[in-house]
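Trainee: Can you walk me through this one? I have not looked at it before.

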Amino acid sequence: SCQDGLLDVVSVRGAFHLGQIRVGLGNADLLCQCHEATITLKKNLAVQIDGEPWRQSQSTLQIRRKPDRATMLHRSVADNGGV
């Protein structure tokens, strides 16, 4: 859940598994839930965080959830008659 304050760390076994997930025939494997994660990559690997994919070389990734919620913009009732 987005409201629980935790990051979901999941794994996908490959492109075919990702396709199955995309069409509703499979699920990603939940590895853990945490407030922050440190991932050490020992070889070049395709990664995806928050929908953004890229090729990552050997490195250590430190991932933390931002403490503040995103600010959502909307029109006021006075500006558009309540719509």
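Trainee: Start with Gln56. What does Gln56 touch, leaving out residues up to four places away in sequence?

Mentor: Gln56 touches Leu41, Lys43, Asn44, Leu45, Val47 and Leu61, where contact means heavy atoms within 4.5 Å. Keep in mind that this is a predicted model: local features need pLDDT of at least 70, side-chain atom pairs count only at pLDDT 80 or more, and totals for chains, interfaces and linings use all residues. Residues are numbered from 1 along each chain as its sequence is written, and side-chain values use heavy atoms, with hydrogens and water left out.

Trainee: Which strand is Gln56 in?

Mentor: Gln56 lies in β5; strands are DSSP runs of E, at least two residues, and helices are runs of H or I, at least four, numbered from the N terminus.

Trainee: Is Gln56 buried or exposed?

Mentor: Gln56 has a relative accessible area of 17%, so it is buried. Buried means under 20%, exposed over 50%, and partly exposed in between, with a 1.4 Å probe and protein chains only.

Trainee: New topic. How many salt bridges are there?

Mentor: The count is two, taking a side-chain nitrogen of Lys or Arg within 4 Å of a carboxyl oxygen of Asp or Glu. In one, Asp29 pairs with Arg13, with the closest N and O atoms 2.8 Å apart. That pair links strand β2 to the loop between β1 and α1, 16 residues apart.

Trainee: And the one with Glu36?

Mentor: Glu36 pairs with Arg64, the closest N and O atoms being 3.7 Å apart. Glu36 is in strand β3 and Arg64 in strand β6, 28 residues apart.

Trainee: Why does Arg64 count as exposed?

Mentor: Because its relative accessibility is 54%. Glu36 is at 49%, so it counts as partly exposed.

Trainee: Last thing. How do the residues lining the largest pocket divide?

Mentor: Into 25 nonpolar, seven polar and eight charged. Asp, Glu, Lys and Arg count as charged, Ala, Val, Leu, Ile, Met, Phe, Trp, Tyr, Cys and Pro as nonpolar, and the others, Gly among them, as polar.
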